[in-house]
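Please keep the sequence and the three-dimensional view at hand while reading.

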Amino acid sequence: MNTKTFIKKYTMVIALGVVFILFAVLTQGRLLYPQNLSNLLLQNAYVLVMACGMLLCILTGGNIDLSVGSTVCLVGAIAAQLLANTGLHPVFVILICLLLSIVIGIWQGFWIGNVHIPPFICTLAGMFLFRGLGRAILGSKTVSIANKTFLNIFASYINVPGLDDQVKWSAFIVGIVISALLIANTFRARAQKAKKGYKQSAAASEFAKIAVIDALILFYTWKLAHYKGIPVMALWVVAVCLIYAFITSKTAFGRYFYAVGGNEKATKLSGINTEKVYFMAYTSMSLLAGLSGLLMAARIGSVNGDTGNSFEMDAIGSCFIGGASAYGGSGTVPGIIVGAILLGVINQGMSIIGLDNNWQYVVKGAVLLVAVIFDVVSNKKTGKAG
Amino acid sequence: MADLILEMKNITKEFPGVKALDQVNLKVERGEIHALVGENGAGKSTLMNVLSGTYPFGSYTGDIVYNGEVCQFKTLRDSEERGIVIIHQELALIPELSIGENMFLGNERKGRFGIDWDRTYHEAEEHMRQVGLKEESTTLIKDIGTGKQQLVEIAKALSKQVKLLILDEPTSSLNEEDAKMLLDLLLHFKQEGMTSIIISHKLNEISYVADKITVIRDGSTIETIDNADRNINEDRIIQGMVGRELSDRYPKREHHVSDTVGMAVKNWSVHHPLYPEKKVVDNVSFNVHRGEIVGFSGLQGAGRTELAMSIFGRSYGTDISGELTIDGKSRTLKTVRDAIEAGLAYVTEDRKGNGLILTESIAKNITMSKLDKVCSKGVIDTDKENAVAEEYKEKLRTKTPSVQQNVGNLSGGNQQKVLLSKWMFADPEVLILDEPTRGIDVGAKYEIYCIMNDLVAQGKSVIMISSEMPELLGMCDRIYVMNEGRMVAEMPAAEATQEKIMAAILQSDKQ
């Protein structure tokens, strides 16, 4: 791989590195404090989770879901009210909320997939509908959540008694184990390919990539170990990202999303049910929005009528910054994770510096625009954009 | 010396890999109606696009002399300013706008503030009267029929002070009455001194209106025939249109047609998806044996693609009726998935629009129609997928550095091979190939023919839809001829000639 293709392939990773170092310098190292790094993940948990779902929608042809912020509010409101006013076990509450999210998703997926209502309009309607319902359920009040079990499921830290008394060694141990597994897995995959006589990619670049990823994992878990350890929320986020990365890159089901976005007519003529693809994209999106609602409710400890406001924009922005094509058909989960973290670093960096909230919007907008311009211009060369 | 309004000299136009026009010459006298005839893809429309500036100056070689001056049109607007107006087969009208708005689109009548609507509608109606349209100019385009829409296009041309009017297949979508009216209108304008160039397949129409007829074949002018006495020799034109040498452009093969019928279709009718009262395919029956290549000949719009797609899991049309048997079993295929499972494959004529995902890799395109073959429990084995893609790359000799290459980066011929690979991977028993060699070079064509021969040698049935008659004659065992949705002839390829096929089509037109 020459320098040019390397830069093209890893543009956003390089951009993330540059921005991170920039803010580390500008904040005189405060960005690197364990507490700030831990918060970076927690504050962006909902973005990461929803960006995974949004990716599927965007893959189908640059379609977005505007209603997710409102779904966060509605699901959060129902969880808060159920916990406050009924004696239901928190696990039941969570299941009810997730089921309800799926129902919301089926509602949207049906109109978009089967009745062919333009997604933009259908989800705009959803945005008003669910926000209104959420506020009605809250009775225009802020409802706080006191249930310890519920909070623990989403917002506590992993703490092994005896081991994690001073420094939370469990976090670092997890980091070491994951790093080792990644290396082992690379060896195993290469051995398998060699056995079957398939083509191998260059060993040097493959191991270099793993080395960088391992170094980052070790660095991050080291920092977590010196704060409160691994947040439970991180487990939820990692699980969602892994599942969606697996679906999009490894399964036939995931491949269909790319196919529909690449050429819907050809996909249909290949015997793939495109209506179902749209349906599933929006159903999964709402499920993840519901999960985000629970994560937010637990992290803040309360839900009000403005919970989840403009979250859809963060999720959409992360996808486009992370390299999802505005025309659909391309984009990866690792890409949007980078996009979401990039947005998160910019947000947090500016907050630490003490920059006015208004300017954060300006910077976010500029970054999004640049990323999409980049996508459109590079697509023009391959001939996809008119 | 004749008074020439237009002379095109030695026009050569190349597309990547294909020479569409090769040293074409065309002379048009002032005040005449000049017809251009030729097979699909002969280069008629390309020539007119060169003339109108759609293909700008510099993208072709040769000279356009118009009114005694060498012209270098860079855009459509340049040529329109000089009075050259082209009306395409696909009308360029916006259905939701009124006749008047359409007529002055891009050429608005401006008042002191914005558009002067009174003047727009007044002038529009003046031009409409000239073409015999009695509608209000505020009527929406979608509310008038195709015939009248065609007249609106002509009125629009008049509003641009047209001196030379070019009509590309103007009557292809009109019924006989409307077509006659349009042709008479052209004769009327001729008396007023307007020059027209008309592209058409319909020889009876041409002999009715044209003063001169230029025959184009394979991107070259063959001859210009004088039709002043309105008594042309149709055979001579047909000969000129199709008369190519049949050399060894087709691979030899053993004919081993089996007695078993692979697929049979009986009394098949299909209606237009948007205008359900219109029959696109009308009571068609045909069959294809195992080990047989059956050709479908006909002009564009004969309903062959529509027939094929409606069989292929109802992917075209509404209100489809008829019987379908595959391998002796009666089948109802409601979805494309059903059709693929039943052993059917349809290789589209529009490989970029309907066939391939240009932004995806060769490997991903190939496995798309039967992804479960490289999956276990829904998880794709990418290594297996790549191995399969490599196998087809070798088998079909697709020229590409890697199967990870995006299909969009390949040449037309190699894209076609990927498309064929995709459908061969689906393991069909019956393959319908729709214009499998369109827009690809001679070498790639030969390779595609070889692949077809391999397929029938394996006992599969192949249906080949093609507008190139020599190719059908060279490759098929049997040829069906379709025209306007109906099956008009069936002949063994050994007895078929291009003249016979053309004659069958023309004959059915007259009925």
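## Strand pairing around E11 of chain B

B:Ala264 has B:Thr325 as its bridge partner in E14(B). That bridge belongs to an antiparallel pairing of E11(B) with strand E14 (residues 318–326) of chain B, which extends over six bridges. Strand E11 (residues 261–271) of chain B is also paired in the antiparallel sense with strand E12 (residues 279–289) of chain B, over seven bridges. In E12(B), B:Phe286 is the bridge partner of B:Val265. Two strands are said to pair if DSSP finds at least two bridges between them; helices (H or I, at least four residues) and strands (E, at least two) are DSSP runs, numbered from the N terminus.

## Basis of the model

This is a predicted model, in which local features need pLDDT of at least 70 and side-chain atom pairs count only at pLDDT 80 or more, while totals for chains, interfaces and linings use all residues. Residues are numbered from 1 along each chain as its sequence is written, and chains are lettered from A and ligands numbered from 1 in the order in which they are written.

## The open sheet of chain B

Chain B also has an open sheet of six strands with mixed pairing, in the order E6-E7-E8-E3-E9-E10. Its edge strands, each pairing on one side only, are strand E6 (84–87) and strand E10 (220–226) of chain B. From one strand to the next, the twist averages 20°.

E6(B) pairs in the parallel sense with strand E7 (residues 164–168) of chain B, over four bridges. Within E7(B), B:Ile166 is the bridge partner of B:Ile86.

## The contact between the chains

How many residues does each chain bring to the contact? Chain A gives 23 residues and chain B gives 26 residues, where two residues are in contact if their C-beta atoms, placed from the backbone, lie within 7 Å. On the side of chain A that touches chain B, the elements giving two or more residues are helix H9 (169–196), helix H12 (252–262) and helix H13 (264–268) of chain A. H12(A) gives the most, with six residues.

## Domains of chain A

The domain assignment divides chain A into domain 1 (36–156 + 233–380) and domain 2 (161–230); such bounds come from an automatic or database domain assignment. The C-alpha centres of domain 1 and domain 2 of chain A are 28 Å apart.

Apart from residues up to four places away in sequence, A:Met50 touches A:Val68, A:Leu288, A:Ala289, A:Ser292, A:Phe311 and A:Ala315.

Key:
Axes are lines fitted to C-alpha atoms, for helices over the stretch in contact, and angles run from 0 to 180 degrees between N-to-C directions.
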